[in-house]
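Please consult the sequence and the structure shown below while reading.

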Amino acid sequence: MNSEWQTVLICAMVVLLGMVAYLVYLNIRLNKVEKK
Amino acid sequence: MNYVSKVLAVIDKDVRSEYRSKYALNSALLFCVTSLVVVSFSLGGSVTDPRLQAALLWIILFFSSMMSLPRAFVKEQDCGTMNTLRLTCEPSQVFIGKMIINLLLLSVVTAIVSPLFFILFNISPPHPGFFIITAASAAVGLSAVCTLLSAIVAQARARGTLFPVLAFPVLMPVFMVAVEATGKSLLPQSPWANSQLLVFLACYAVVGIVGGSLLFEFVFNE
Amino acid sequence: MPYIIGTFIFTIMSGVLCGAIWFTPPAKVLGETARVIYFHVPVAWISALAFSMSLWQSVQYLRTNNPEHDIRAEVSARLGLWFCVLATITGAVFAKAAWNMYWNWDPREVSITILLLVYMAYFGLRSAVSDPETRMRLAAVYDILASFAMPFLFFVVPRIYSSLHPDTVINSRGSNKILDHRMLLVFFAALIGFTLTYFWIYVLSIRVERLVRAREESDE
């Protein structure tokens, strides 16, 4: 696996991590608002 | 009054008001003739590919129906006669009546525009029967769907632009198949080998009528 | 509990990513470009799934007049639109890489264009109606009408166009039999991972939409 693919993989993993983090954050925020 | 006479009454009312003003028919014809002239002039009658000819014809017919068919309900909404219709008739009667009106309008326009088209482009259609059946079944499907959609659009804002936006995706199958079938009818060899295209248009028309009648009462009744 | 599911989804999806790039071999004919299959197909599948869900919710709305169904219909339509856009873009990129043209109007591409137009028309309709109840009713009707028309497109287009034009997508898939078990594994993992991700986003979006509507109502 050459360095180009490695770059692609790293970028994709970062995007995925960001997505998941955002969803978890959204979940927490929603929980807070709905409890009110 | 029984069912059929109510439907006829709906049709009658529209035919009479149309006869007085001839607005819808005139504007639809005017649009078709204008675009026909523009297309014919700019292409200089040098279009020989039957598929291209078919596409041009249906583009013109299509856009003119986008302009003229919504009026079926927009006029009612604006003049306040929608409630009269709601009180006196069942939704399905209104739907079928309006659909027949639209079908008549579309048929008249097509009957006038197609020969003009053939004349301007120097086409003598080798298989007119196939073309007529294509146009007829496409028109039924078109008017059924457009009647339902015009009822939807009458209750919305920005009607003029909304109607083509809503109509085009739903009518794409008719458009594509009609262009294909018309193209085949303009070729010298027999188009009847492609009768599955006609079957398709007929099925679409049936689904359009059935689906339209089912859905119409949700649009019409509040 | 959501954290467990979230972690699970994350694991699957990152596994899919690594698998797509590292673990699977390149395809026989298309080479490295075939790796897009692991992303393009699941995204298109989800778009269709979202549309079916939206249709079902629209039918339920017309039956029960419960605004909850309209919320679900709108949310799944919105997500479906996004995934449809993704599917179209990945498809076009793949087409450029594999056959050197971004867009060829072959049956798949026609169908996805119509799907995009229907979704966008749905939202156009929603924004053009001011009264909320009318909006929900008309949107539901349009959703159902559009899905009456769709089968014609999906089943007719191959039959017509196969007589005239070669179908670039199906041809290549035929010669590119996914026999390698590694590819199958990653592919199905991708399907599952994307579907789970979609449902996660869907559930959250419904909650958000409910709150947004509640706030709009209290504003009036």
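Between which chains are the most contacts found, among the 2 pairs of chains that touch? The answer is chains B and C. The model discussed here is predicted, and the predictor gives the complex an ipTM of 0.85 and a pTM of 0.85.

## Contacts between chains

In the pairing of chains B and C, 24 residues of chain C are in contact with 23 residues of chain B. On the side of chain C that touches chain B, helix 4 (107-128) and helix 5 (132-164) of chain C each supply at least two residues. The largest share, 14 residues, comes from helix 5 of chain C. By class, this side of chain C has 20 nonpolar, 3 polar and 1 charged residues.

Chain C also meets chain A: 16 residues of chain C are in contact with 15 residues of chain A. Here helix 1 (2-23) and helix 7 (181-219) of chain C each supply at least two residues of the side that touches chain A. Helix 1 of chain C provides the largest share of that side, with 10 residues. The classes on the side of chain C that touches chain A are 13 nonpolar, 2 polar and 1 charged residues.

Chain A and chain B, by contrast, do not touch, and their nearest C-alpha atoms are 32 Å apart.

| Helix pair in chain B | Angle | Axis distance |
|---|---|---|
| Helix 1 (residues 3-21) and helix 6 (residues 91-120) | about 45° | 8 Å apart |
| Helix 6 and helix 9 (residues 195-220) | roughly 115° | within 9 Å |
| Helix 2 (residues 23-43) and helix 3 (residues 50-68) | about 150° | 9 Å apart |

Helix 1 and helix 6 of chain B pack at an angle of about 45°. That angle makes helix 1 of chain B oblique to helix 6 of chain B. Helix 1 of chain B passes helix 6 of chain B in a right-handed crossing. From helix 1 of chain B, the residues in this contact are B:Tyr3, B:Lys6, B:Val7, B:Val10, B:Ile11 and B:Asp14; they meet B:Gln93, B:Val94, B:Ile96, B:Gly97, B:Lys98, B:Ile100 and B:Ile101 in helix 6 of chain B. By class, the contact has 8 nonpolar, 2 polar and 3 charged residues.

Helix 6 of chain B also packs with helix 9 of chain B, and their axes cross at roughly 115°. The two helices are therefore roughly perpendicular to each other. Helix 6 of chain B passes helix 9 of chain B in a right-handed crossing. In this contact, B:Pro91, B:Ser92, B:Val94 and B:Phe95 of helix 6 of chain B meet B:Gly212, B:Ser213, B:Phe216, B:Glu217 and B:Phe220 of helix 9 of chain B. The residues of this contact divide into 5 nonpolar, 3 polar and 1 charged.

The length of helix 6 of chain B can be checked by simple reasoning. At 1.5 Å a residue, its 30 residues should span 44 Å; the end C-alpha atoms of helix 6 of chain B are 43 Å apart, which agrees. After helix 6 of chain B comes B:Asn122, whose phi is positive, near 60°.

How are helix 2 and helix 3 of chain B arranged? They pack at an angle of about 150°. That angle makes helix 2 of chain B roughly antiparallel to helix 3 of chain B. Helix 2 of chain B passes helix 3 of chain B in a right-handed crossing. The contact is made by B:Ala24, B:Ser27, B:Ala28, B:Phe31, B:Cys32, B:Ser35, B:Leu36 and B:Val39 of helix 2 of chain B, together with B:Leu56, B:Ile60, B:Phe63, B:Ser64, B:Met67 and B:Ser68 of helix 3 of chain B. These residues divide into 10 nonpolar, 4 polar and no charged. An α-helix has 3.6 residues a turn, so residues three or four places apart point the same way.

## Confidence in the prediction

Chain B averages a pLDDT of 85, and 99% of the residues score at least 70. Among the elements of chain B, helix 4 (residues 71-79) has the lowest mean pLDDT (74) and helix 7 (residues 128-154) the highest (91).

Chain C averages a pLDDT of 81, with 84% of the residues scoring at least 70. Among the elements of chain C, helix 6 (residues 168-175) has the lowest mean pLDDT (48) and helix 2 (residues 37-64) the highest (91). Where pLDDT is low, the predicted coordinates should not be read in detail.

Note on methods. Residues are numbered from 1 along each chain as its sequence is written. Chains are lettered from A and ligands numbered from 1 in the order in which they are written. This is a predicted model: local features need pLDDT of at least 70, side-chain atom pairs count only at pLDDT 80 or more; totals for chains, interfaces and linings use all residues. Two residues are in contact if their C-beta atoms, placed from the backbone, lie within 7 Å. Helices (H or I, at least four residues) and strands (E, at least two) are DSSP runs, numbered from the N terminus. Ala, Val, Leu, Ile, Met, Phe, Trp, Tyr, Cys and Pro count as nonpolar, Asp, Glu, Lys and Arg as charged, and the others, Gly among them, as polar. Axes are lines fitted to C-alpha atoms, for helices over the stretch in contact, and angles run from 0 to 180 degrees between N-to-C directions. Angles under 35 degrees count as roughly parallel, over 145 as roughly antiparallel, 65 to 115 as roughly perpendicular and the rest as oblique. A crossing is left-handed if the near helix is turned anticlockwise from the far one by less than a right angle, and right-handed if clockwise. The expected span of a helix is 1.5 Å times one less than its number of residues. pLDDT is the predictor's confidence in each residue, from 0 to 100.
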